[in-house]
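Here's a quick briefing for anyone meeting this protein for the first time.

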Amino acid sequence: MAMAVAQRDNSIERHIDSSGKYVRYTAEQIEALEKVYVECPKPSSLRRQQLIRENPVLSNIEPKQIKVWFQNRRCREKQRKESSELQTLNRRLAAMNKLLTEENDRLQKQVSQLVNENGFMRQQVNTITAAASADGSDSAAATPPLSSMRDANSPAGFLSIAEETLAEFLSKATGTAVDWVQMPGMKPGPDSVGIFAISQGCNGVAARACGLVSLEPAKIVELLKDRASWYRDCRSSEVFTMFPAGNGGTIELVYTQTYAPMTLASARDFWTLRYTTNLENGSIVVCERSLSGSGAGPNAAAAAQFERAEMLPSGYLIRPCEGGGSIIRIVDHLNLQAWSVPEVLRPLYESSTMVAQRLTIAALRYIRQVAQETSGEVVYGMGRQPAVLRTFSQRLSRGFNDAVNGFNDDGWSVLNCDGAEGVTIAVNSIKNLSGTANPASSLSLLGGIVCAKASMLLQNITPAVLVRFLREHRSEWADFSVDAFSAASLKAGSYGYTGMRSTRFTGNQAIMLLGHSIEHEEMLEVIRLEGHAPAHEDSFVSRDVHLLQLCTGIDENAVGACSELIFAPIDDMFPEDAPLVPSGFRIALLNSQQGDKQNSLTANRALDLTVAPTTTHAAGDTCPNNRCILTVAFQFPFETGLQDNVAAMARQYIRRVVSAVQALATAISPSSANTAGEAKLSPGSPEALTLAQWICQSYSNYLEVPLLRSDSLIGDMVLKHLWHHPDAILCCSLKTVPVFIFANQAGLDMLETTLVALQDITLDKIFNDSARKNLIAYFAKLMQQGFACMPAGICMSTMGRHASYDQAVAWKVHAEDTSVHCLAFSFINWSFI
């Protein structure tokens, strides 16, 4: 009987329509509706009518009932999703609660132990003082010296060092051997990646992370040991000796090279002992520390380019969780030899926040990213696997670091360096551009790579703001002809520098997102720059340029001290073994605070590093006195015989780019009178408030109904309700080519853009062919009677996604003097297809 009821429930589904009646659907009808739901969960009225015509099994169902079915189906999907999210959240909260409980218990025991030790020490001091007074001696008890690091020449000696490293690492990971403070801005919670802390007042710089990962401990160990695959500043990491230790553990001698973040400092290398072992509670520990006097590494000539840094006891403590997954604790404790860099750069090498961002947080985010990819939670575009796109990101970052550092053993040699301007020109004639295991993908016909690079100091700028502006307004600093040359040079035998064709950049830039990391702190995207041949050539021949771009650190509210914009020309077919020649920008925050007595002295010394003097602001300026180091590096492939020509072009181009970026940095500085980097119509500005009032008043005058639910709103409430209106509302200028000037939050979501980038989008670019024809047909009516109601259609976002809408309303927006200020559009019930 129960089976019969179950079969009946599976074959017939009942819904209640708007009139309160039950509507029965057969299995065939449900199957037809489900197929459409997978493709379009929110079909328009036209699509629902088309569905009934295309499926005879639905002929006896009214369109209104079809609409109710989709509404109910969306509700069920939402409920299932919310239930799944709540279960996941509950598991995370339970694990986080357990983690915090353990941390609290540990701290309570630590407090009790310290109180007892304090009382004991007081007794000892009193006893010694009394004895010294009685003996008339002023001698004090001497503190036993700390044991220094030592090398060993036998497995027994290495094991002794390994056990000592393990004890010191565990005291940092689970105790208070280091004075840890919560990392500013990083608050633990179920949606956060983990719990982060940085050191204060200890030897060197240290950071600690603790988080939950849905991977088994052995897999995490495998991932983290492969440091070159996830640590973007790691050039190489090689194991030279490995032998077994007790408890199934291993001891390894590892030589690691790391990149310098800018051109003004040398890179760092480490010679370390790494100890992997299992604890009695089932945890796995990987701890590591530097060995003193370990030589120059495998290549003495190459090691001369590095400054030997020290790794104090660091590592990973990984404990399995009940029901799967692991709790991981990460500690990174380094001495980066800050004395060896110019004084202006020392804050970067003395910053625990920088170590946390570039190393500790990066490690935890990487394994969390892999865990989500393994579980299928991450979906990327263009049919690419997440691991493939992650490889592209690593290749872009590594290629840029190679260009900035210019190691001799990679084939780089300096042609010349202008000390007055700080521009360095380097050439590499042996570089393999493929970056893959397939040597056939390298371009053997190329003569080599020319790199122009420079570093400079910027004042009163936030790295995230500047990188975001560079990303969204490429035409402000880039030369399309140079982009086209770089792209064409990667196609062997295309054309050389001297015969470079002149092309015209249309000003249109399309950004297509490929993928992003779990907290959107890193994005991989394809940029299409639209260009056409000049008038005397075939104007219909497309000269579009495609760039693969990596963008990091563009959220100014996020915790981070470094932002990057790295890009490389790529073929529109986007092959997996495509050669990449990355160029771009890196902006590192020096973390200087306002009122620092050393600011003026350091800034004056740093002027020698700049290509042009930086802007000096008034003493009463209230903005934070941020100081940043901007590193610019551009690479250009050249054919044999054209090295000198391309080098001259590269020097001239890098000067123009640097000059443009400095001008942009001055313009978008918070302390600048000309805030060109901010949208004039940003939410809360007086211009936006005035425009919102004009939009609502004009809508009411023409359509005789209020745009907002209440027509009694005044002041800021008008803009607030317009900004959060569920329909996408956009305004465009009345010009030959209408350009958008404002959009509410729904409008920005529909176009997948920002208020700054919105002003580069023209009206015709957001419609498909059918909707564009509707716009043209209704445009005369709009201009004549002041408004027009257009039927359902499809528009396109800047990411190339299609969004459908049930209806579009357009109307003229009048200013207070009754002149037409702009045109407004409202896209009703829009959703992505």
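**A first look**

Glu521 forms a salt bridge with Arg365, and the closest N and O atoms are 4.0 Å apart. Glu521 sits in the loop between strand E17 (504-516) and strand E18 (522-532) while Arg365 belongs to helix H9 (residues 352-375), so this pair ties together parts that are 156 residues apart in sequence. Keep in mind that this is a predicted model.

**The big picture**

- The protein's secondary structure comes to 19 helices and 30 strands.
- Of the 833 residues in the protein, 48% are buried.
- Take the contacts between residues at least 6 apart in sequence: 64% of them join residues at least 24 apart.

**Salt bridges**

- How many salt bridges does a search of the whole structure find? The search turns up 21.
- As background, side chains of opposite charge can pair when their charged atoms come close.
- Back to the opening pair: Glu521 counts as partly exposed, at 24% relative accessibility, whereas Arg365 is buried, with a relative accessible area of 17%.
- Arg274 also forms a salt bridge, this time with Glu252, and the closest N and O atoms are 2.9 Å apart. That pair links distant parts of the chain, with Arg274 in strand E8 (residues 267-278) and Glu252 in strand E7 (residues 250-258), 22 residues apart.
- Are Arg274 and Glu252 buried or exposed? Arg274 counts as buried at 5% relative accessibility, and Glu252 is buried with a relative accessible area of 5%.
- Arg73 pairs with Glu77 in a salt bridge whose closest N and O atoms are 3.0 Å apart. Both residues lie in helix H4 (residues 63-135), four residues apart, which is about one turn of the helix.
- Arg73 counts as buried, with 9% relative accessibility, but Glu77 counts as partly exposed, at 33%.
- Arg73 and Glu77 are also part of a network of salt bridges that links them with Glu34 and Arg80.

- Helix H15 (residues 686-703) and helix H16 (residues 716-723) have axes that come within 9 Å and cross at roughly 75°. That angle makes H15 roughly perpendicular to H16.
- Which residues meet there? From H15 come Ala688, Leu689, Ala692, Gln693, Ile695 and Cys696, and they meet Asp716, Val718, Leu719 and Leu722 in H16.
- Sorted by class, the contact of H15 with H16 has eight nonpolar residues, one polar residue and one charged residue.

**Helix H10 and what follows**

- Helix H10 (residues 386-405) has 20 residues, which at 1.5 Å a residue should span 28 Å; its end C-alpha atoms are 29 Å apart, and that agrees.
- Of the 20 residues of H10, 16 are buried, so this helix is largely enclosed by the rest of the structure.
- Just after H10 comes Gly406, which takes a positive phi of about 60°.
- Asp409 is found in the loop between H10 and strand E14 (412-418), and at 40% relative accessibility Asp409 counts as partly exposed.
- Which residues does Asp409 touch, not counting residues up to four places away in sequence? Asp409 touches Arg235, Ala302 and Gln305.
- Asp409 and Ala303 are 106 residues apart along the chain, and their C-alpha atoms are separated by 9.9 Å.

**Asparagines with a positive phi**

- Asn460 has a positive phi of about 55° although it is not a glycine. You'll find Asn460 in the loop between strand E16 (446-459) and helix H11 (463-472), where Asn460 counts as buried at 8% relative accessibility.
- Asn829 is not a glycine either, yet it has a positive phi of about 55°. Asn829 lies in the loop between strand E29 (820-828) and strand E30 (831-832), and it counts as partly exposed at 39% relative accessibility.

Definitions and conventions: Residues numbered from 1 in each chain as written. Predicted model: local features only at pLDDT ≥ 70, side-chain atom pairs only at ≥ 80, totals over all residues. Heavy atoms only, no water. Axes fitted to C-alpha atoms, helices over the stretch in contact; angles between N-to-C directions. Helix = DSSP H or I, 4+ residues; strand = E, 2+ residues; numbered from the N terminus. Parallel < 35°, antiparallel > 145°, perpendicular 65-115°, else oblique. Contact = heavy atoms within 4.5 Å. Nonpolar A, V, L, I, M, F, W, Y, C, P; charged D, E, K, R; others polar. Salt bridge = Lys/Arg side-chain N within 4 Å of Asp/Glu carboxyl O. Buried < 20%, exposed > 50% of the residue type's maximum accessible area, 1.4 Å probe, protein only. Expected span 1.5 Å × (residues − 1).
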